[in-house]
Amino acid sequence: MTNEPRRILIIENDIDALSVIYTTLLPLDYSVEAAIDSADLRPRIERFQPDLLMLGQNLGEAGAHELCHWLKQHFNARVILIGRPQKLSAGWAEHLCFDEILPKPVEPSLLLSKLNSLLFA
């Protein structure tokens, strides 16, 4: 029996951050999909069924809150918030049920460390 690669969905409108994440993950044993906006996000999640969703702050608090809770209710996926921690209100990530925060600018070694701790712990 073969193991399927872990599925990672990245939604990030910051092209620089998206590029670093995508190029870091592409040569590894992951199935990666990426988008620069959240259009049709729920159907994409239902089709792709990611093990991990990496979500930029581009949805805002209300949209991210709703999406995070929907994802946790319907899928066994982990969620990483990609953003600048100084732009988050106090307790924002914890309130929204994110498993981790990946700060910008994205450092590949930190990205891989967070992925390993969430996907293989």
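Predicted model: local features only at pLDDT ≥ 70, side-chain atom pairs only at ≥ 80, totals over all residues.

Modeller: In what follows, contact means that heavy atoms lie within 4.5 Å.

Let us begin with the helix itself. α5 is made up of 12 residues, and the distance from its first C-alpha to its last is 16 Å, close to the 16 Å expected at 1.5 Å a residue. Which residues of α5 are buried? They are L111, K114, L115, L118 and L119. These residues cover an arc of only 110° around the axis, and they therefore lie on the same side of α5. The cover over these buried residues includes the strands β1 (6-11), β2, β3, β4 (78-83) and β5, together with the helix α1 (15-25).

The peptide bond between K104 and P105 is cis, with an omega of about -5°.

D40, which is not a glycine, has a positive phi of about 55°. Its place is in the loop between β2 (30-35) and α2 (41-48). Is D40 buried or exposed? D40 counts as exposed, because its relative accessibility is 61% and the cut-off for exposed is over 50%. Q49 likewise is a residue other than glycine with a positive phi, in this case near 50°. Q49 belongs to the loop between α2 and β3 (52-56). With a relative accessibility of 42%, Q49 counts as partly exposed.

Finally, we return to β2, one of the elements that cover the buried residues of α5. S31 lies in this strand and is partly exposed, with a relative accessible area of 25%. Which residues does S31 touch, leaving aside its neighbours within four places in sequence? S31 is in contact with P5, R6, R7, I8 and F48. Of these contacts, R6 and I8 fall within the range of β1 (6-11), while F48 falls within that of α2 (41-48). The C-alpha atoms of S31 and P50 are separated by 8.9 Å, although the two residues are 19 residues apart along the chain.

Conventions: Residues numbered from 1 in each chain as written. Heavy atoms only, no water. Helix = DSSP H or I, 4+ residues; strand = E, 2+ residues; numbered from the N terminus. Buried < 20%, exposed > 50% of the residue type's maximum accessible area, 1.4 Å probe, protein only. Expected span 1.5 Å × (residues − 1). Arc of directions from axis to C-beta.
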